[in-house]
Amino acid sequence: SWETDTRLTNNPSYSERPSVSVSGSDVHVVWIDDRDGNFEIYYNRSSDGGLSWGTDTRLTNNSSYSESPSVSVSGSAVHVVWYGYRDGNDEIYYNRSSDGGLNWGADTRLTNNSASSYYPSVSVSGSAVHVVWYDYRDGNAEIYYKRDPTGNPIGIININTEIPKEFKLEQNYPNPFNPVTKIKIKISLLPDGRQEGLGVFTSLIIYDIIGREVATLVNEQLRPGTYEIDWDGSNYTSGVYYYRIISGNFTDVKKMILVK
C-alpha cells in the first residue's frame with residue numbers, strides 16, 4: 001500500500017528524471033530542471049523518512065545541459081553522477097558530499113572519449129564506489145564500468161573536540177539497521193592526563209553472535225573528543241552483532257541488530 005503523493009518541486013519549468021536513495025531516515029533525491037534557463041542537477045533531502053523536506057540545492061552551474069543524475073547514499077556520504085556537455089562532448093561527471101548533502105566538493109570528470117557517454121548509474125558498497133554507463137567509443141553503444149575502491153568515506157570522524165567528562169560507548173543508531181549504522185564514542189582523559197597530547201590507544205571491534213571478530217572499526221591513538229564511526233553491514237548476514245571498545249582502562253560492550 002502507498003501513501004498520498006508529495007509534490008517536491010513547484011517551478012514554471014520542467015523537472016525531470018529523478019533518482020532516490022535512502023540511509024536510515026535520510027531520503028536523498030536528485031533530478032534535473034531548467035528553472036534557471038538551463039537543465040541543471042538539483043538535490044533535496046528529508047531527514048525524517050520523507051515527511052518533510054529541506055530547500056533545493058543546485059549542484060551544477062554550466063552553460064550547457066547536465067542530464068540524468070543518479071544518487072547513492074552510504075551513511076553520511078552522498079554520491080551523485082550525471083552526464084553533461086560542458087566540455088563540448090557528453091561526458092560522465094561525479095560529485096560527493098561527506099556530510100549528508102550539506103556541502104559538496106568539486107565535480108570530477110569520469111570519462112574522456114571522442115564519442116558520447118550517457119545515462120550513468122552509481123552504487124556504493126563498503127569503501128568502494130561503482131559507476132556504469134553506456135557510450136559509443138568503439139563504434140557501438142556498449143556498457144562501461146568504473147570503480148573507485150576508496151571513494152566512499154567510511155570510518156571514524158571527530159565530531160567534537162571538547163574533552164568529555166568520561167569515556168563512553170553509546171548505543172548505535174539506527175538499531176535495528178540496514179545496512180549502515182553509526183556508533184558514537186567519547187574519549188576522555190586518563191587520571192594522569194598523559195594522553196592529552198598523544199591520545200590514548202583505542203580499539204572498536206565488531207563480533208558476531210558466537211564471538212568471532214568480523215570487523216575492526218578503530219585501532220589507533222585517539223585524542224580526547226567525541227567520535228562517530230559508520231559501519232556498513234552490506235556484506236554481512238542479518239543477525240545479532242556485538243561491538244566492544246577498549247580505550248585505556250575503559251571497556252564496554254553493546255549489542256546491535258542487522259536486519260535485511
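Trp231 counts as buried, at 3% relative accessibility. Buried here means under 20% relative accessible area, exposed means over 50%, and partly exposed lies in between (1.4 Å probe, protein chains only). Tyr241 also counts as buried, at 5%. This is a predicted model, in which local features need pLDDT of at least 70 and side-chain atom pairs count only at pLDDT 80 or more, while totals for chains, interfaces and linings use all residues. Residues are numbered from 1 along each chain as its sequence is written, and side-chain values use heavy atoms, with hydrogens and water left out.

**Aromatic pairs**

Rings of Phe, Tyr and Trp (its six-membered ring) pair if their centres lie within 6.5 Å; planes under 30 degrees apart count as stacked, over 60 as edge-to-face and the rest as tilted. By this rule there are 17 aromatic pairs. One of them is stacked, because the rings of Tyr65 and Tyr85 have their centres 5.7 Å apart and their planes at 25 degrees. This pair links distant parts of the chain, 20 residues apart. Tyr65 is in the loop between β4 (57-58) and β5 (66-74). Tyr85 is in the loop between β6 (77-84) and β7 (91-97). Strands, like helices, are DSSP runs numbered from the N terminus (helices are H or I, at least four residues; strands are E, at least two). Tyr65 is partly exposed, with a relative accessible area of 30%. Tyr85 is partly exposed too, at 35%.

Trp231 and Tyr241 form an edge-to-face pair, 5.5 Å centre to centre, with 65 degrees between the planes. That pair also links distant parts of the chain: Trp231 is in strand β17 and Tyr241 in strand β18, 10 residues apart.

Ring pairs also build a cluster, made of Tyr83, Tyr118, Tyr119, Tyr134 and Tyr136.

**Charges over rings**

A charge sits over a ring if NZ of Lys or CZ of Arg is within 6 Å of the ring centre and within 35 degrees of the ring normal. Two such contacts are listed here.

| Charged residue | Ring | Distance to ring centre |
|---|---|---|
| Arg86 | Tyr93 | 4.2 Å |
| Arg137 | Tyr144 | 3.9 Å |

**The sheet with β17**

Strand β17 belongs to an open sheet of four strands, in the order β12-β17-β14-β13, with antiparallel pairing. The edges are β12 (156-160) and β13 (168-169); each has a single partner strand, so one side of each is left without a neighbour in the sheet. Two strands pair if DSSP finds at least two bridges between them.

Strands β14 (residues 180-187) and β17 (residues 225-232) pair in the antiparallel sense over eight bridges. Lys184 stands opposite Glu228 in β17. Ile185 stands opposite Tyr227 in β17. On the other pairing, β13 and β14 are antiparallel over two bridges. There, Leu169 has Ile185 in β14 as its bridge partner. Six of the eight residues of β14 are buried, so this strand is largely enclosed by the rest of the structure. In a regular strand the side chains alternate between the two faces of the sheet.

**The sheet with β18**

Strand β18 lies in another open sheet of four strands, ordered β16-β15-β18-β19 with antiparallel pairing. Here β16 (213-222) and β19 (250-258) stand at the edges; each has a single partner strand, so one side of each lacks a neighbour in the sheet. The twist averages 15 degrees from one strand to the next. For such angles, axes are lines fitted to C-alpha atoms (for helices over the stretch in contact), and angles run from 0 to 180 degrees between N-to-C directions.

Strand β15 (residues 200-208) runs antiparallel to β18 (residues 239-247), joined by seven bridges. Asp208 stands opposite Tyr241 in β18.

**Backbone details**

Which peptide bond has omega near -10 degrees? The bond from Tyr173 to Pro174 does, and it is cis. The bond from Asn175 to Pro176 is cis as well, with omega near 0 degrees. Pro174 is found in the loop between β13 and β14, and Pro176 lies in the loop between β13 and β14 too.

Ser68 is not a glycine, yet has a positive phi of about 50 degrees. Ser68 lies in strand β5 and is buried, with a relative accessible area of 7%. Tyr119 is not a glycine either, and its positive phi is about 45 degrees. Tyr119 lies in strand β9 (residues 117-125) and counts as partly exposed, at 40% relative accessibility.
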